Amino acid sequence: MPRKDSEPTIPPLHDARAVITGASDGIGMGIAARLAAAGAEVVMPVRNRAKGDAAIARIRQTTPNARISLRDVDLASLDSVAALAATLQEEGTPISILINNAGVMTPPDRRTTADGFELQFGANHLGHFALVGRLLPLLTAGEGRVVSQISIAADSGGINWDDLQWERSYNGMRAYSQSKIAFGLFALELDRRSRAEGWGIRSLLSHPGIAPTNLLAAQPELGRAAQTSGRRIIDALSRHGLIVGTAESAGLPALYAATSADAVGGGFYGPSGVGHLGGPPAPQKLYSRLRDAASARRIWDVSEKLTGVRFSAR
């Protein structure tokens with residue numbers, strides 16, 4: 001665990017509604033717990049209600065009066081994303097914080113979303129792209145911050161423009177890197193467009209470093225019967241406090257981006273330790289794959305066409 005004085009100071013958030021994807025365990029649950037402790041109303045869109053209920057019970061062990069509730073979503077289904085957005089629009093509460101944290105990593109075989117997209121590109125990037133677009137009026141009303149959780153994997157590989165869905169030759173790690181590069185390019189373009197269009201929101205990037213989470217755990221639904229060797233190594237390093245972080249410390253960069261007065265739109269935040277794998281949150285140098293504004297505009301246009309979602313603050 002990081003030293004207590006290394007954790008970001010979270011201001012009172014009693015007037016804020018925070019929406020966090022992927023908050024039923026791991027990094028997301030830690031983020032939700034800290035925001036709830038600061039007084040925010042926390043909404044957790046989940047795919048598995050039982051896991052969500054268990055997460056809420058754990059959070060209320062330390063914050064009994066937490067204002068926290070579940071909604072249903074499957075980011076691998078654009079219809080499910082649209083239904084969640086419609087529910088939140090009907091509730092009408094402005095959103096001050098949206099943390100796009102959910103993700104899927106390296107299924108051994110190519111899998112697809114409900115809409116036929118390669119699973120990692122579809123769930124990690126397109127699902128969140130559609131969610132942000134559909135929630136834009138609520139984010140504008142809340143002068144919200146949108147924090148998109150990418151990965152150190154976005155510092156390698158590239159966009160497979162000729163085969164975005166990996167239909168011709170699937171490589172799980174390269175497809176994962178693509179999904180995170182695309183997601184990062186989108187987040188930066190979102191901030192540029194917000195400033196140009198007067199949407200009044202800030203879009204920021206975070207990455208958690210490396211920590212033992214369920215991304216590399218056994219997930220039979222992804223065709224992975226046992227945890228990966230990488231996960232076993234990460235577990236051992238984390239237990240001994242070596243280099244990498246914990247599930248709790250890995251959420252600190254996203255919390256910093258979402259709440260710090262020093263975090264700026266278009267900023268990128270991650271761990272400051274050795275190799276940026278663990279340690280206190282701090283500004284990061286933008287990965288080379290995320291610096292090309294033309295590529296960001298291109299992925300935005302492609303994402304609009306694939307999802308059918310157009311961004312409008314009204």
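**Thr113.** I looked up Thr113 and found that it counts as buried, because its relative accessibility is 7%, where buried means under 20% relative accessible area, exposed over 50% and partly exposed in between, with a 1.4 Å probe and protein chains only. This is a predicted model, in which local features need pLDDT of at least 70 and side-chain atom pairs count only at pLDDT 80 or more, while totals for chains, interfaces and linings use all residues. I number residues from 1 along each chain as its sequence is written, and side-chain values use heavy atoms, with hydrogens and water left out.

I place Thr113 in the loop between β4 (97-100) and α4 (119-141); helices (H or I, at least four residues) and strands (E, at least two) are DSSP runs, numbered from the N terminus. Not counting residues up to four places away in sequence, I list Ala76, Glu118, Leu119, Gly122 and Ala123 as touching Thr113, a contact being heavy atoms within 4.5 Å.

**Ser179.** I then turned to Ser179, which sits in helix α5 (residues 172-197) and counts as buried because its relative accessibility is 0%. With residues up to four places away in sequence set aside, Ser179 touches Gln120, Phe121, Asn124 and His125. I also noted that the side chain of Ser179 reaches the backbone oxygen of Tyr176 at 2.7 Å.

**α5 against α8.** I checked how α5 packs on helix α8 (residues 293-307) and noted an angle of about 95 degrees, with the axes 8 Å apart; axes are lines fitted to C-alpha atoms, for helices over the stretch in contact, and angles run from 0 to 180 degrees between N-to-C directions. I therefore record α5 as roughly perpendicular to α8, a class covering 65 to 115 degrees, whereas under 35 is roughly parallel, over 145 roughly antiparallel and the rest oblique. On the α5 side I find Ala182, Leu185, Phe186, Glu189, Leu190, Arg192 and Arg193, and they meet Ala293, Ser295, Ala296, Arg297, Ile299, Trp300 and Asp301 of α8.

**Whole chain.** Finally I looked at the chain, whose secondary structure comes to 8 helices and 8 strands, and noted that 57% of its 314 residues count as buried. Among contacts between residues at least 6 apart in sequence, I noted that 73% join residues at least 24 apart.

Terms used. Polar contact = N/O pair within 3.5 Å; in protein donor to acceptor, adjacent residues only side chain to side chain.
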